[in-house]
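Please work through each task before reading its solution.

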Amino acid sequence: MPEEDRSLKEQEQFRERKPLTEQKAGHDLHCLAPRFIMGLLIAGARATGTTASWLMTYLGGHPDWRSKAAAEIEDLLASRCSSPISSPTHETPSAGSPSSSLSAQLASIPIGAWENETPVLDALIRETTRIAQPHTAMRRNLGPELYINNKIIPTGAYVIYPFSDVHLDPEIYPDPWKFDPGRKEVTHVPFGYVGWGGGKTVCLGTRLAKLELKLVTAMFVLGFRHFAVDKMGKPSNPLPAPNWNDILLCRPPVGSFKLKYERTSRQL
Ligand code: HEM
């Protein structure tokens, strides 16, 4: 509204208003804690949950990788678990012995072992975040203006970067939609994998997220037998591909497959 159209009181208020930066600083400080918590919840829960769902889906359609993951966790239990180990596949453990539950056994494995002695789980997580995390990074150029691929990026402009540009590029990842945790890590292309971010903005929750994913996988592959099946209950082949247009969850068409599962005799 032009200043001359305002009432005298409004004009006075308008002139006395605090500079925008000052108003904003107050507002930002006021909102910082809730924003931070909401940000962490969204960053953490959304990405970890969807990655875990897709990881279980892929394992349900790739029994070979499922077995490799199970074997790796059994080895880890055998070498690093300090809780009494009940029989892996048979015998119901005695009631009232929570320390022999699978969760207690997994919890007794040192974090360092989870982080450094699980190459199969690492490969599974890497391949899942490559193929089923439809992230788009956004950056603002704070100045000065710069060029990317001969295009000018003015000061203040935003640059949007979809991870599909690299994660689904057939020249970097041949047959990019194929779930293949056995792929060699891409080292010949800078930023050839950005599943946890890149440059100055890397995921601050990477260690927590990986640990959570490994524990979920361990509980699932040792506590259940599961398979991806179609509407007829037959093995789902091929598995539905993640939908990158569903920017949050990557969900495939509703009802395109199900996960069929049965419990093992292991006490969870
Ligand atoms: C599978 C799980 C996760 C994946 C794939 C993931 C991925 C990412 C990616 C790609 C970025 C960079 C975003 C960008 O460049 O725009 C990022 C940033 C971030 N992530 Fe995660 N994340 C996961 C879980 C978590 C968890 C569990 C937390 C915390 C509890 C978390 C906290 C953050 C934070 C705070 C940032 C912003 C870092 C910054 O701005 O410097 N993330 N994450």
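**Exercise 1.** What is the mean pLDDT of the protein chain, and what share of its residues reach 70 or more?

*Solution.* The model is predicted; local features need pLDDT of at least 70, side-chain atom pairs count only at pLDDT 80 or more, and totals for chains, interfaces and linings use all residues. Residues are numbered from 1 along each chain as its sequence is written. The term pLDDT denotes the predictor's confidence in each residue, from 0 to 100. Its mean over the protein chain is 86, and 83% of the residues reach 70 or more. Over residues 89-96, pLDDT stays under 50.

**Exercise 2.** Describe the shell around the ligand.

*Solution.* The shell has 19 residues, the closest being G44, A47, G197, C203 and G205. Next, assign elements, where helices (H or I, at least four residues) and strands (E, at least two) are DSSP runs numbered from the N terminus. Two or more residues come from each of α2 (20-61) and α8 (206-223), and α2 gives the most, with six. Finally, sort by class: Ala, Val, Leu, Ile, Met, Phe, Trp, Tyr, Cys and Pro count as nonpolar, Asp, Glu, Lys and Arg as charged, and the others, Gly among them, as polar. The shell has nine nonpolar, ten polar and no charged residues.

**Exercise 3.** Locate the largest nonpolar core and trace the contacts of L59.

*Solution.* A nonpolar core is a set of buried Ala, Val, Leu, Ile, Met, Phe, Trp, Tyr and Cys residues joined through C-beta atoms within 7 Å. The largest has 29 residues, and L55, L59, A69, I73 and V221 have the most contacts inside it. The elements that give it two or more residues are α2, α3, α4 (102-107), α6 (119-132) and α8, with the largest share, six residues, from α8. Contact requires C-beta atoms, placed from the backbone, within 7 Å. Neighbours within four places in sequence aside, L59 is in contact with W65, R66, A69 and V221.

**Exercise 4.** Is G61 buried or exposed?

*Solution.* A residue is buried if 20 or more other C-beta atoms lie within 10 Å of its own, exposed if 12 or fewer, and partly exposed in between, with C-beta atoms placed from the backbone. G61 is found in helix α2. This glycine is buried because 20 other C-beta atoms lie within 10 Å. Beyond four places in sequence, G61 is in contact with A228, S236 and L239.

Definitions and conventions:
Near = placed C-beta within 6 Å. Contact = placed C-beta atoms within 7 Å.
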